[in-house]
Amino acid sequence: MSRLVVVSNRVGPLRGATKAGGLAVALADALRTRRGLWFGWSGEVRDGPQGHEVQAQSLGGVTRAVIDLTSTEHDDYYNGFANRCLWPLFHFRLDLATFDRRYYEGYQRANQRFAQALTPLLRDDDLIWVHDYHLLPFGETLRDMGARQRLGFFLHIPWPVREILTALPHHEHLVRALFSYDLVGFQTEADLLRFQDYVLREAGGSQRGNRLYAYGRSVIAQAYPIGIDTDQFATLAASDEAGHEAAKLKAAIFDRTQIVGVDRLDYTKGLPERFQAYEKLLELYPEAHGQVSFLQIAPTSRGEVQEYIDIRHQLDALAGHINGRFAQLDWTPLRYINRAITRRQLAGIYRASRIGLVTPLRDGMNLVAKEYVAAQDPDNPGVLVLSRFAGSAKQMAAALIVNPYDPVGVAEAIETARHMPLAQRRDRHRALMHELRRSDVASWSQNFLTALDHAVAAVPPGVPAIEEAAG
């Protein structure tokens, strides 16, 4: 079995990976099985030659190898091109994207330095799996340095429509770079279709099955929706510590219907629209006054970026406005928390909440929706209200699917969830759990790596492709 080399912007912990969530959970088992290497940024910013050195440690057969970013790289590559250009653009927020040639050049230099640092660590038969928008050109850079290993890439965020992507001055360079990979994976079929549309209509490429041809190269492109460790999270939610958190929450809200939202503080998550929908609920249904409690947990991220500063101020103002308008002496309608909470605490909060409100304006997948469902008591489950623009909506049709731009529609869905009969809640929860178990994180990783294992080298246009089992 080939060694697995995972490359991502940030490298997760080797110890306690299952407690960390996100990518760490998704990749920990695959790395252990293949005695792999996880490479990327340390999370530290340091100028000087020491920051360029690879820092490596091993635990349980897995090696963690990291480098630091310089302050210039952090400004231009990470805060600049990745998060002020690609992030808003790929989330359909062209109005917030900053196009600065300095950022793009810094992005290319950082990808090149990552590739230079990784190359000496590679073996000939490694299987290399690169993750997310920070590293779109990484595979091409590795190829230019002589790498011939099988290369896979997975995009965790949405792929934008062609009309938005072509506003990016360097769009062709980045799409061309993806053709240096043997396999490119997307979260949803919709993302895959948008990528295919660009290749066929903008790049003048062609398609045979799941293989696309353009730029004198070819690549397999496929959708692989990421999941969670469903049973592990369900067990976590039923633990004594999670139960303690649930009991504390229930005591604080005095048997009111608890609505919960959990998101990074980000303009893609639709938090102002969510607050406005909750305000609309209180306007339209006065009988809900004193009977509901909305808890929004939104840890600050990228706090130095102006757009994130702006949204925090906006949410502070909205929370104050709603509570000032509707609060009673013994009832605070909305509680808004800006700090991180442990996964075990979250599991207890989810389990104690009758309604999970997950309403992003655009999201690659959204694992909060899946964790909320997994945390529920199957005998008395809550109801998920989910945005149609979350990648998870296609898999979770048994949720109440809403348009986050329609505050009245979201308010009506909350009211429906509040009064939904137990039998219907159980039926919906059963259907959702069936899908979560069928497409959990282990199957996501296994399906992608199996396809990459069987992928053949890219062939030029006009040469018949070998049929692959690409999952």
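Me: Which strands does helix α10 lie across?
Reply: α10 (residues 240-253) lies across β11 (257-262), β12 (292-297) and β13, and runs at about 140° to β13. Helices here are DSSP runs of H or I with at least four residues, strands are runs of E with at least two, and both are numbered from the N terminus. Contact means heavy atoms within 4.5 Å. Axes are lines fitted to C-alpha atoms, for helices over the stretch in contact, with angles from 0 to 180 degrees between N-to-C directions.

Me: And what kind of model is it?
Reply: This is a predicted model, where local features need pLDDT of at least 70 and side-chain atom pairs count only at pLDDT 80 or more, while totals for chains, interfaces and linings use all residues. Residues are numbered from 1 along each chain as its sequence is written, and side-chain values use heavy atoms, with hydrogens and water left out.

Me: OK, what's the strand order in the open sheet of six strands?
Reply: The order is β13-β12-β11-β14-β15-β16, and the pairing is parallel. Two strands pair if DSSP finds at least two bridges between them.

Me: Which strands stand at the edges there?
Reply: β13 (334-337) and β16 (400-402) do; each has a single partner strand, so one side of each is left without a neighbour in the sheet. On average, neighbouring strands of this sheet are turned by 20° against each other, direction ignored.

Me: Over how many bridges do β15 and β16 pair?
Reply: Three, in the parallel sense.

Me: What does helix α15 lie across?
Reply: α15 (residues 407-418) lies across β11, β12, β14 (355-358), β15 and β16, at about 170° to β16.

Me: Are β1 and β5 parallel or antiparallel?
Reply: Parallel: β1 (residues 4-10) and β5 (residues 127-131) pair over four bridges. Leu4 has Leu127 as its bridge partner in β5.

Me: At what angle do α9 and α13 pack?
Reply: About 80°, with the axes of α9 (residues 230-237) and α13 (residues 343-351) 8 Å apart. The two helices are therefore roughly perpendicular to each other. The cut-offs are under 35 degrees for roughly parallel, over 145 for roughly antiparallel, 65 to 115 for roughly perpendicular, and oblique for the rest.

Me: Which residues make that contact?
Reply: Gln232, Phe233, Leu236 and Ala237 of α9, plus Arg343, Arg344, Ala347, Tyr350 and Arg351 of α13. They divide into five nonpolar, one polar and three charged. Ala, Val, Leu, Ile, Met, Phe, Trp, Tyr, Cys and Pro count as nonpolar, Asp, Glu, Lys and Arg as charged, and the others, Gly among them, as polar.

Me: How many cavities of 30 Å³ or more are there?
Reply: Three in the whole structure. On a 1 Å grid over the protein atoms alone, a cavity is a set of points where a 1.4 Å probe fits but cannot get out, a pocket is an open set with protein on both sides within 12 Å along at least five of seven lines, and lining residues have an atom within 4 Å of a point. Points are joined across faces, edges and corners, and a volume is the space filled by probe spheres set on them.

Me: What lines the second largest cavity?
Reply: It has 14 lining residues, with Gly382, Val383, Leu384, Arg428 and Leu432 closest to its centre. The volume of this cavity is about 70 Å³. α16 gives the largest share of the lining, four residues.

Me: How about the second largest pocket, what's its volume?
Reply: About 640 Å³. Its 28 lining residues include Gln187, Thr188, Glu189, Gly391 and Lys394 nearest the centre. By class, the lining has nine nonpolar, nine polar and ten charged residues, and α8 gives the most, four residues.
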